[in-house]
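My notebook for today is open, and I want to get to know this protein piece by piece. Here is what I am looking at.

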Amino acid sequence: MRWFHSLAAAAAVATLAPAIAAAQTKIDFFFPVPVDGKLAKELQRLTKVYNDSQKDVAVTPVYAGNYDDAKLKAQAAAAAGKPPAVALMSANYILDLKIAGDIISLEPMLKAEGTTREKFLSDFWPALHANATVDGELYGIPYQNSTPLLYYNKDQFKEVGLDPEKPPQTWAELVADAKKLTKDGRWGFQLAGGYDYIGWLMQTLVMTNGGRFFNEEYGGEVYYDTASTLGAAQFVEDLVFKHKVMQQGVLDGGAVSTNFLAGKVSMMLLSTGSLSFIRENMKSAYGVGFVPKNVRNAVPIGGGSLVMFKGLSEEQKQAGWKFMKWLTTAETLGGWSRFTGYFAPRKSSYDLPEMKDFIAKNPDAKVALDQLPYAKPWTATYQTVAVRKALDDEMQAVLNGKKKAPQAVKDAQKAADALLKPYDDQTALKLP
């Protein structure tokens, strides 16, 4: 009867095999690629490294387009009953996603590990905390972060008699330098005008003009029709039509960086997330500086944070949390920073020997860190994308010469107020 026992044992193993295989939790990781570089392939590589490092979790990476596309696709997947356990969302979407009930609080995971939000965030740069929390709870973990930077061509600075080690510090200096640099079919300055990018850069200009772009304490107010925003919008209009140092029309980030690399633009305002791409492809000597100011130094935080969508099983939540923690170790974040140009959101990443060596060899990577004392949260409101687009549309009309700045900011405010009204009616205007 030995053969019978052998068959029985084999059958038991065969029956057990699916159970063993099923013990591995499968989850999806949705991510966008909003800036230059081979970021999608690198995130796929990182996911494979994680999958190969352990047997409990199997992560499927899903490239979902730009930040706006990734938000829509993640929401659609969740609505279809297949929510991503980890999604890299634009950092300023977290408030809106929480209001909509699309994402879940990460506080239970912290509590299960016997830690608190304060302890968990203590290693992350203070400027990042606001966009990661809503109503005193952690909803996102900073993963890739940026500030705008001023990139400039040092060789072209020398050519027109400007000091290549002294980029413009103020709007007035920017205009003066750009006028000298604009010649022979070359533009002195350019900023990205595509959707999302122009809104982020407008927040930058408004802040450097002394203003507040939105109410950081309440998701129902933006400040488009104000003196500081009007001044910023007028400055952009004047760069094109009065000073004639910037090309008319809407150029997306890729077009701006291509022109800069080709020597057709001498200075540009773009994300630090483009830094590695510029470093690898720029043939001329270049420099990186603070965003020029009119009233004060200031920059908004940009980039993305990791969130967890609702509708997950408990096993998927735990699997997603494990992957999130691995993605946000000091070592992983440091490597991602060196690869992309984003600054690492963990302070401890910069204590690692390989990071110290990298900064020593690439001092341009330190400029974003130097701007952090002046950094503020990124615009986060109810219906963030639509409210941002209200200004994007108007500024694109300004860049195309179809509308003047004073009318543009008024129309942007009117459109934004209409979008915010349902939220305002249920919160600030809901009276006893």
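**Entry 1: strand 12**

I started with strand 12, which is mostly covered: 6 of its 6 residues are buried. I noted that buried means under 20% relative accessible area, exposed over 50%, and partly exposed in between (1.4 Å probe, protein chains only). Helices (H or I, at least four residues) and strands (E, at least two) are DSSP runs, numbered from the N terminus.

Before going on, I wrote down that this is a predicted model, where local features need pLDDT of at least 70, side-chain atom pairs count only at pLDDT 80 or more, and totals for chains, interfaces and linings use all residues. Residues are numbered from 1 along each chain as its sequence is written, and side-chain values use heavy atoms, with hydrogens and water left out.

Which residues of strand 12 point which way? I found Gly 302, Gly 304 and Leu 306 on one side, and Gly 303, Ser 305 and Val 307 on the other, all of them buried.

**Entry 2: the sheet**

Next I looked up who pairs with whom; two strands pair if DSSP finds at least two bridges between them. I got an open sheet of 5 strands in the order 2-1-3-12-6, with mixed pairing. Its edge strands are strand 2 (57-63) and strand 6 (141-146), each pairing on one side only. On average, neighbouring strands here are turned by 20° against each other, direction ignored. For angles, axes are lines fitted to C-alpha atoms, for helices over the stretch in contact, and values run from 0 to 180 degrees between N-to-C directions.

Then I went back to strand 12 (residues 302-307) and saw that its pairing with strand 3 (residues 86-90) is antiparallel, over 4 bridges. In that pairing I spotted Met 89 opposite Ser 305 and Ala 87 opposite Val 307. Strand 6 also runs antiparallel to strand 12, joined by 5 bridges, and Gln 144 stands opposite Gly 304.

What lies across these strands? I found helix 14 (residues 314-327) lying across strand 1 (25-31), strand 2, strand 3, strand 6 and strand 12, at about 50° to strand 1.

**Entry 3: helix 9**

I listed the buried residues of helix 9 (residues 171-181): Trp 171, Leu 174, Val 175, Asp 177, Ala 178 and Leu 181. Their cover includes strand 7 (148-153), helix 8 (154-159), helix 10 (197-208), helix 11 and strand 9 (267-271). Contact means heavy atoms within 4.5 Å.

**Entry 4: the largest pocket**

I found about 450 Å³ of space in the largest pocket. Of its 19 lining residues, the closest to its centre are Leu 95, Thr 133, Val 134, Glu 216 and Glu 217. On a 1 Å grid over the protein atoms alone, a pocket is an open set of points where a 1.4 Å probe fits, with protein on both sides within 12 Å along at least five of seven lines, and lining residues have an atom within 4 Å of a point. The volume is the space filled by probe spheres set on the points.

Which element gives the most to the lining? I got helix 4, with 4 residues.

**Entry 5: two positive phi values**

Lys 244 has a phi near 55°, positive though the residue is not a glycine. I found Lys 244 in the loop between helix 11 (227-241) and helix 12 (253-261), exposed at 53% relative accessible area. Gln 383, also not a glycine, has a positive phi of about 50°. Gln 383 sits in the loop between strand 13 (375-376) and helix 18 (384-399) and is partly exposed at 34%.
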